[in-house]
Amino acid sequence: MMKFFYSAIAFPILAIISCHKAPDQRQEVLALRQMGNLATTEYVVTKIVKASDDQTWYKLGDRKILISCQANIKAGVDLTRLTENDVVIEGKNITIYLPPPQMLSLSIPPEKIKVEYKEVSILRDDFNNAERDALLTQAENQIRNSVKELGVMETTEKNTTLFVTNFLKKLGFESVNISYGKRPEINIQHD
């Protein structure tokens, strides 16, 4: 009779425990998508641009300008692009394929733009706003083109790897492998 009593109590408890599933690990990992653009790197870059149009024979006098500007570059990873196929879980081991790092923003605050040097002859007009804007556009383009040389993307990869690894270890993973770019296609050949 006692055996039946324990069975009658134990069976419903086991049924309740087995119905209560632990949260799916893949969904916990995919919660990273809610972070959106994860900025892990910020650089401050100073760029100097100059203009001189004293090389033409039909203009009398010199006109030169030297402008410095300070740009803020933020780089990171767009985690909204993370898909279920980018996450491979094997027990306590995880491999995750993150989107490649990218420049998230580049801004040049107006208060960080400064005319360092200007020389305009009496017979010449001063640099107008359109000409100054063109120089600032040139500076922005040169900064964008120098991001690779500055090592921004490599630093972003390292910082993102550190952040995501710590996040995944807090979820209980012991071995974390992070790659950037698309997950390689696996070709399965059938005999």
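Me: Which residue stands opposite Ala51 in E2?

Reply: Ile65 in E2 stands opposite Ala51. This is a predicted model, in which local features need pLDDT of at least 70 and side-chain atom pairs count only at pLDDT 80 or more, while totals for chains, interfaces and linings use all residues. Residues are numbered from 1 along each chain as its sequence is written, and side-chain values use heavy atoms, with hydrogens and water left out.

Me: How do you know that strand E1 and strand E2 are joined?

Reply: Strands E1 (residues 37-52) and E2 (residues 63-78) share 15 bridges. Two strands pair if DSSP finds at least two bridges between them, so E1 and E2 count as paired. They run antiparallel.

Me: What joins E2 to E6, and in which sense do they run?

Reply: Seven bridges join E2 to E6, and the two run antiparallel. One of the partners is Val120 in E6, which is bridged to Arg63. E2 is also joined to strand E5 (residues 102-107), by five bridges in the antiparallel sense. There, Gly76 stands opposite Gln102 in E5.

Me: How many helices and strands does the chain have?

Reply: The chain has four helices and seven strands. Helices (H or I, at least four residues) and strands (E, at least two) are DSSP runs, numbered from the N terminus. Along the sequence, the pattern is α-α-β-β-β-β-β-β-α-α-β.

Me: In what order do the strands of the open sheet of three lie?

Reply: The order is E3-E4-E7, and the pairing is mixed. Val87 has Ile96 in E4 as its bridge partner, and Ile94 has Val176 in E7.

Me: What makes E7 an edge strand?

Reply: E7 pairs on one side only, and so does strand E3 (87-90). E3 and E4 also form a hairpin with two residues between them, and Gly91 in the turn has a positive phi of about 65°.

Me: What lies across E4 and E7?

Reply: H4 lies across both strands and runs at about 145° to E7. Axes are lines fitted to C-alpha atoms (for helices, over the stretch in contact), with angles from 0 to 180 degrees between N-to-C directions.

Me: Why is E4 described as largely enclosed?

Reply: Five of the six residues of E4 are buried, so the rest of the structure largely encloses this strand. Buried means under 20% relative accessible area, exposed over 50%, and partly exposed in between (1.4 Å probe, protein chains only). In the chain of 191 residues, 27% are buried.

Me: Which residues touch the most other members of the largest nonpolar core?

Reply: They are Val29, Leu32, Ile94, Ile96, Leu98 and Leu168, out of 16 residues in that core. Helix H2 (25-30), strand E4 (93-98), helix H4 (152-170) and strand E7 (175-180) each give two or more residues to this core, and E4 gives the most, with three. A nonpolar core is a set of buried Ala, Val, Leu, Ile, Met, Phe, Trp, Tyr and Cys residues joined through side-chain atoms within 4.5 Å.

Me: Which residues does the second, separate core include?

Reply: That core has nine residues, among them Ile65, Cys69, Phe127 and Ala139.

Conventions
Contact = heavy atoms within 4.5 Å.
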